[in-house]
Amino acid sequence: MTRHVSLNTLFLIMRNGDSRETGLVDDAIDRISVLLPASWRLDKRHDTSSGDPRVDAVIELVGPTGQKAAFLVEAKRSVSAPLLLPVLRELERAGGIPVLFVSDYIGPALRDALASEGFGFADTTGWVRVTSADPLILLTGQGAARAPRTRQSSAVTRLNGLAASRTIRALATADLPVGVRNLAGLADVSPGSVSKHLATLVSEGIVDRDENGSVITVRRRALLRRWVVDYSFAKANSPIGYYIAPRGLERTLVRLADQRSVALTGSAAARRLLPESTTSVVPLRLLAIYAARPTELASRLGLIDADPMTANVVIARPQDPDLLTPADNDELAAAPVPLVIADLLTLPGRSDAEAEQLMDVLANDNEAWKE
């Protein structure tokens with residue numbers, strides 16, 4: 001069942017009724033001001049004391065000859081794009097001047113959504129995009145890679161543990177909508193852990209939830225790009241060994257098919273996931289493997305020790321032991337798709353190009369992979 005909420009109601013929902021939004025506006029003004037040339041200034045004309053409940057503030061950029069660019073300011077902490085964008089559109093229509101959205105943190109997915117509709121933004125970590133056609137203005141600033149954690153927030157700031165890995169992999173494959181408890185069951189982690197990770201992902205505009213708390217949208221590319229801010233193949237999985245396959249990677253792959261408690265990731269796994277008619281954008285130059293005992297597997301495959309710069313095989317014990325091929329399974333397994341992509345994004349060489357190719361292929365069948 002779909003609930004229809006009027007824009008007037010949305011405006012009231014987005015007002016917190018305390019001074020926190022005023023603090024956001026002041027912090028955002030500071031972030032914008034430091035980017036201005038010395039001959040420009042920023043004035044805050046008025047705030048909610050003006051009597052208009054829809055306006056947190058009106059700011060003006062004033063140039064050296066008196067030219068001005070005014071913006072209506074909408075301030076809000078941790079709001080998703082589907083709730084926010086209709087409000088900003090209506091605010092701009094009613095106010096007749098551009099709208100600037102400010103928040104404590106604006107993640108990459110929400111930044112892209114705002115920019116695509118022409119809305120400016122600024123957050124307290126330094127992300128800024130302010131544009132004007134008359135006078136001609138373009139201000140941009142770069143902020144934090146992840147959302148800061150406040151004392152009042154239950155969100156986590158780093159997505160680098162086993163619970164994060166399982167939650168993200170489940171989010172990237174789950175049928176939506178999905179509630180917290182069902183998602184926790186899919187991920188095999190506690191509901192409390194799922195809630196903390198969701199709080200982070202919602203605050204960064206990667207996940208949207210409905211009024212009941214169920215996840216209704218997952219921007220899968222943004223989700224994996226956010227994950228690899230904290231996760232990497234080399235750091236998350238230990239021990240890890242680097243080797244050279246003296247008889248070539250294809251021969252090693254053939255021998256690997258007879259091994260147990262192993263799983264492919266990276267380029268070799270990606271090739272399995274591409275359609276038969278699709279050729280990988282780069283040749284296979286690095287074979288990445290998960291194994292319960294990396295050193296023993298390397299010995300059985302006849303590999304030679306190497307350093308990370310010269311190796312063409314890398315073997316790691318996985319952070320999540322459930323990834324490995326069961327002993328009674330005769331078929332060589334590949335790691336889950338979200339993990340394969342995350343590994344491609346963090347392995348050396350041009351594996352990131354393979355990740356983009358694979359996500360493009362996945363997007364042909366599922367729009368969730370388009371952003």
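Visitor: Which residues line the largest cavity?

Guide: This is a predicted model, in which local features need pLDDT of at least 70 and side-chain atom pairs count only at pLDDT 80 or more, while totals for chains, interfaces and linings use all residues. Residues are numbered from 1 along each chain as its sequence is written, and side-chain values use heavy atoms, with hydrogens and water left out. On a 1 Å grid over the protein atoms alone, a cavity is a set of points where a 1.4 Å probe fits but cannot get out; a pocket is an open set with protein on both sides within 12 Å along at least five of seven lines; lining residues have an atom within 4 Å of a point. Here the largest cavity is lined by Ser165, Arg169, Tyr231, Asn237, Tyr290, Pro318, Gln319, Asp320, Leu323 and Leu339.

Visitor: What is the volume of the largest cavity, and how does its lining divide by class?

Guide: A volume is the space filled by probe spheres set on the points, which are joined across faces, edges and corners. For the largest cavity it is about 50 Å³, and the count of cavities of 30 Å³ or more is 1. Ala, Val, Leu, Ile, Met, Phe, Trp, Tyr, Cys and Pro count as nonpolar, Asp, Glu, Lys and Arg as charged, and the others, Gly among them, as polar. The lining of the largest cavity comprises 5 nonpolar, 3 polar and 2 charged residues.

Visitor: Which residues are closest to the centre of the second largest pocket?

Guide: The second largest pocket has a volume of about 430 Å³. Of its 22 lining residues, Arg285, Leu286, Pro348, Gly349 and Arg350 are the closest to its centre. By class, the lining has 14 nonpolar, 5 polar and 3 charged residues.

Visitor: At what angle do H11 and H13 pack?

Guide: Helices (H or I, at least four residues) and strands (E, at least two) are DSSP runs, numbered from the N terminus. Axes are lines fitted to C-alpha atoms, for helices over the stretch in contact, and angles run from 0 to 180 degrees between N-to-C directions. H11 and H13 pack at about 135 degrees, with axes 9 Å apart.

Visitor: Which residues in H13 and H14 meet?

Guide: Contact means heavy atoms within 4.5 Å. Val337, Val340, Ile341, Leu344 and Leu345 in H13 meet a set in H14 that includes Ser351, Leu358 and Leu362. The axes of H13 and H14 lie 7 Å apart, at an angle of about 150 degrees.
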